[in-house]
Amino acid sequence: MEEKIMDKVSYDILYQSDENYAPVLAVSIKSLITNNKKLHFRIVIIDCGLKSESKKRLVKMVNGTHIKLLFVSQSKLEEKLSNSKIASYTGFRKNKKSYIKILYPYYENAARRILFIDCDTIIKGDIEPLLLMDLKGKTMAAVMDSTVDQNYKKLIGLSPNDPYYNSGVMVIDSDAWVKSGIYEKIQAQIDSGVKYNTVDQDYINMAVKGDCVILDCRYNFQPFHLVYSASTYLAVFHKEGVYYSASELNEGRENIVILHFFRYLGLHPWDKKSLHPVESEYKKWIMRTPWATYKWKQPQISTAIRIERLLYILLPKCIFLRLFKLMHDKLLHQ
């Protein structure tokens, strides 16, 4: 790729999406521009197969606002890959496009400050603090992940006391990302034959070890903390000292800026009878997008997920959470 030009914009809000997630992307963008009307920034969408009609809908949705919208093709970013094995990655979570965001800081027109946001989010507050925050000489900032346990961190080469970050929201200094060789570090891990289980997330955590600022949990608030009290969660996941405190989780819950609604009990909030804690809020936002009448295909639910959902309904929350953690850890450690 060419070297990035000097007169680039200051801030990019970065998404990536294929056609399947176009309605979800629309929800995140609609909530973003609605709750950040005083800000002027560029939204960049890494196009992983969006149809032209979907792109037209997204453009129409932001027309008349303070937002600029730019689509960057997946193939354009993948020019950097050459003979890399990264695109053939298969792990526990088999989204083969998740790695693409790590290439964007190398794009010649990338902004100096990048705020990457997963599509499955609702923006409930002011993101300006993320755009202006002091990264303290670090390459990026992120919120810690709610599901990965201490033993798994040891398995991938981190210390149990090292923070482990969720890659769904990342504040990136693009120049530092390139100078630190984040992509090259990830490529070296892949070339060495190391295989992790959480798509790009493990690779990013290893590449930015000691080079990442911990964000307040309000900037990537995750479903567990909507359903379970902070004390119940911490008692089950045993993250005291290496995660957010109960008071930090409670404060974050009262002041959510970015709500990250990844799959819960095997389903998303748009699925029928999802039991997802964000279902009602998601449905309110989708009605404000061009996909208000979109009909999702109901997913096939495995027997294991059916049993999990039944136990969720029948068991006390603390007991269910312990069983869930046991099964999740077993799957993650395979």
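Where is Leu 275 found? Leu 275 is in the loop between S9 and H12, with helices (H or I, at least four residues) and strands (E, at least two) taken as DSSP runs and numbered from the N terminus. Before going further, keep in mind that this is a predicted model, in which local features need pLDDT of at least 70, side-chain atom pairs count only at pLDDT 80 or more, and totals for chains, interfaces and linings use all residues. Residues are numbered from 1 along each chain as its sequence is written, and side-chain values use heavy atoms, with hydrogens and water left out.

Back to that loop. Phi of Leu 275 is near 65 degrees, a positive value in a residue other than glycine. Leu 265 sits in the loop between S9 and H12 too, and its phi is positive as well, near 55 degrees. As for cover, the terms are buried for under 20% relative accessible area, exposed for over 50%, and partly exposed in between (1.4 Å probe, protein chains only). Leu 265 counts as buried at 5%, while Leu 275 is partly exposed at 33%.

Now for the rings. Rings of Phe, Tyr and Trp (its six-membered ring) pair if their centres lie within 6.5 Å; planes under 30 degrees apart count as stacked, over 60 as edge-to-face and the rest as tilted. That rule gives 19 aromatic pairs. Tyr 21 is partly exposed at 26%, whereas Trp 270 is buried at 12%.

Another pair is Phe 224 with Phe 324: their ring centres are 5.3 Å apart and their planes at 65 degrees, so this one is edge-to-face. Phe 224 lies in helix H9 (residues 224-227) and Phe 324 in helix H14 (residues 317-332), so the pair ties together parts that are 100 residues apart in sequence. Both of these Phe residues are buried. They also belong to one aromatic cluster, which includes Tyr 228, Tyr 233, Phe 237 and Phe 320.

A nonpolar surface patch of about 550 Å² is made by Ile 307, Leu 311, Ile 319, Leu 323, Leu 326 and Met 327. Patch residues have over 30% relative accessible area and no salt bridge; like charges are joined within 9 Å, nonpolar side chains (Val, Leu, Ile, Met, Phe, Trp, Tyr) within 5 Å. The areas come from the Shrake-Rupley method with a 1.4 Å probe, and for residues only the protein chains shown count as cover. Helix H13 (303-314) and H14 each supply at least two residues of the patch, and H14 gives the largest share, four residues.

For contrast, look at helix H8 (residues 200-207): seven of its eight residues are buried, so H8 is largely enclosed by the rest of the structure. Its buried residues pack against strand S6 (140-144), helix H5 (150-156), strand S7 (165-173) and helix H7 (182-191), where contact means heavy atoms within 4.5 Å.

Among the buried residues of H8 is Asp 200, which forms a salt bridge with Lys 101, the closest N and O atoms being 3.1 Å apart. Asp 200 lies in helix H8 and Lys 101 in the loop between H3 and S4, so the pair ties together parts that are 99 residues apart in sequence. Both partners are buried. A salt bridge here is a side-chain nitrogen of Lys or Arg within 4 Å of a carboxyl oxygen of Asp or Glu, and the whole structure has 14 of them.

Lys 76 takes part in two: with Glu 79 the closest N and O atoms are 3.9 Å apart, and with Glu 108 they are 3.5 Å apart. Glu 108 lies in the loop between helix H3 (74-77) and S4, and Lys 76 in helix H3, so this pair ties together parts that are 32 residues apart in sequence. Glu 108 is buried at 9%, while Lys 76 is partly exposed at 26%.
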